[in-house]
Every structure is written in structure tokens, then in C-alpha cells.
Amino acid sequence: MIDRHLKRSLGQMMKGVQVIGSAHEGLMRCYTSHWLSQVSFDEPIVMASVSPKHDTHPLMVASGRFSASLLAGDQVEQGQYFSYPGRRFQYIGADYLDEWQGLPVVANAIAWLRCEIEDRLERYDHDLFFARVTDVSEGRLKAPPLLYSSRLGWRVTGEPAREPGESVRDRLLARLEAERPDER
């Protein structure tokens with residue numbers, strides 16, 4: 001069990017929201033995640049952290065693939081819907097879904113990724129699926145992404161963190177140069 005102070009601090013972490021979907025032998029399932037991450041610059045590799053309790057998990061294992069729908073800020077309803085176990089809603093989520101290359105995806109998302117699983121690590125209460133992104137379809141790329149934090153709830157990205165034309169990197173490099181001119 002995680003210490004409550006640590007849990008509160010970890011809960012401050014804000015992450016993008018995706019709906020992960022998989023299909024096998026005519027069965028399709030999806031779940032909402034904010035635990036999908038790009039893990040390589042050189043290769044299109046992502047890592048999805050998935051509970052074996054999710055009904056999507058066995059489909060991912062059996063098929064070796066999954067989709068990721070990157071949700072926009074106006075898709076809280078879709079994110080909320082797929083955050084519950086499918087059995088609660090008796091799989092009525094078809095209203096929110098399209099099919100893309102044999103995988104379920106959320107309609108009108110920012111983008112969709114098709115992922116082929118290359119490795120799986122079984123750890124703690126979640127399995128880590130490392131997957132290669134083998135195809136992408138662009139949706140509403142200019143829409144602000146939906147974010148989630150267990151402490152702060154659903155959020156939408158907002159204003160830029162710096163002024164246009166301002167380079168924080170250049171300012172830091174200039175400061176370093178001024179303080180240590182001999183180290184280049």
C-alpha cells in the first residue's frame with residue numbers, strides 16, 4: 001500500500017488521456033488510460049501500463065496489438081465512459097467508436113496509433129506492454145489535449161508556458177556562458 005503522502009504527491013502528475021483498444025476473434029474492448037508513454041526518440045516505441053483485471057488485457061495478449069486514441073479536451077465524456085469496466089455499461093460504447101484497421105478507436109480524436117506489441121513485463125499490479133507504432137492517422141491535431149491527474153481530475157491544456165519568441169534554452173545557455181566563459 002502506498003503511503004498517503006506519497007500517493008497525494010504522485011496524484012499531482014498530469015498526463016494525457018488515451019483510450020486503448022484491442023480486438024481478438026470478433027471481440028473488441030477499450031479502456032481509458034493516462035499511462036501510455038513514448039519511450040524512445042530513435043524508434044516509434046510506446047509503453048502502455050495495463051491491469052490484468054481489465055477486459056482489454058487478454059485481447060492485447062492474444063492479438064499482440066492495440067490502438068491508442070489520443071483524446072481532445074472536449075472528449076471528457078468518452079474518457080469517463082471507458083474509465084469504467086465494460087461490464088458496468090454492458091458494452092454499449094459502440095456509440096463512441098469507429099473501427100480502424102480492425103481495431104476500435106474513439107471517433108473524432110486528436111490522432112490514432114496502431115501498436116504492435118514487442119515485449120511485455122509482468123510487474124506488480126500492472127503489465128507493461130512495449131509496442132511499436134506501426135501506423136498513425138491524424139485527426140484533430142490542433143485541438144487541445146485532454147489531461148488527467150488523480151488529484152486534480154480532468155483538465156484541458158491551456159496557454160503556452162512561455163511568451164512567443166522567447167527561448168528559455170537560449171537564456172539558460174547565455175547565463176551559463178556568462179558564469180563559465182572558459183567551459184565550451
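**Entry 1. Overall make-up**

I looked up the secondary structure and found 5 helices and 12 strands in the chain; helices (H or I, at least four residues) and strands (E, at least two) are DSSP runs, numbered from the N terminus. I note that this is a predicted model, in which local features need pLDDT of at least 70 and side-chain atom pairs count only at pLDDT 80 or more, while totals for chains, interfaces and linings use all residues. Residues are numbered from 1 along each chain as its sequence is written, and side-chain values use heavy atoms, with hydrogens and water left out.

I recorded the span of the C-alpha trace along its principal axes as about 65 × 40 × 30 Å. Of the 184 residues, 34% count as buried; buried means under 20% relative accessible area, exposed over 50%, and partly exposed in between (1.4 Å probe, protein chains only).

I then turned to contacts (heavy atoms within 4.5 Å). Among those between residues at least 6 apart in sequence, 64% join residues at least 24 apart.

**Entry 2. Arg114**

I located Arg114 in strand β9, residues 111-123. Arg114 is buried, at a relative accessible area of 15%. Leaving out residues up to four places away in sequence, I listed Arg65, Phe66, Trp100, Gln101, Leu103, Arg132, Val133, Thr134 and Asp135 as the residues that Arg114 touches.

**Entry 3. Charges and salt bridges**

I counted 23 positive and 26 negative side chains in the chain, and the centres of the two sets lie 7 Å apart. Here Lys and Arg count as positive and Asp and Glu as negative, without His and the chain ends; the place of a charge is NZ of Lys, CZ of Arg, CG of Asp or CD of Glu.

I found 10 salt bridges in the structure, each being a side-chain nitrogen of Lys or Arg within 4 Å of a carboxyl oxygen of Asp or Glu.

One of them pairs Glu43 with Arg132, with 2.7 Å between the closest N and O atoms. Glu43 lies in the loop between β4 (36-38) and β5 (45-50) and Arg132 in strand β10 (residues 126-138), so this pair ties together parts 89 residues apart in sequence. Both are partly exposed, Glu43 at 37% relative accessibility and Arg132 at 27%.

I also noted the salt bridge of Arg120 with Glu122, whose closest N and O atoms are 3.5 Å apart. Arg120 is partly exposed at 31%, whereas Glu122 is exposed at 55%.

In the salt bridge between Glu166 and Arg171, the closest N and O atoms are 2.6 Å apart. Glu166 is partly exposed, at 27% relative accessibility. Finally, I recorded that salt bridges with shared partners join Glu43, Glu118 and Arg132 into one network.
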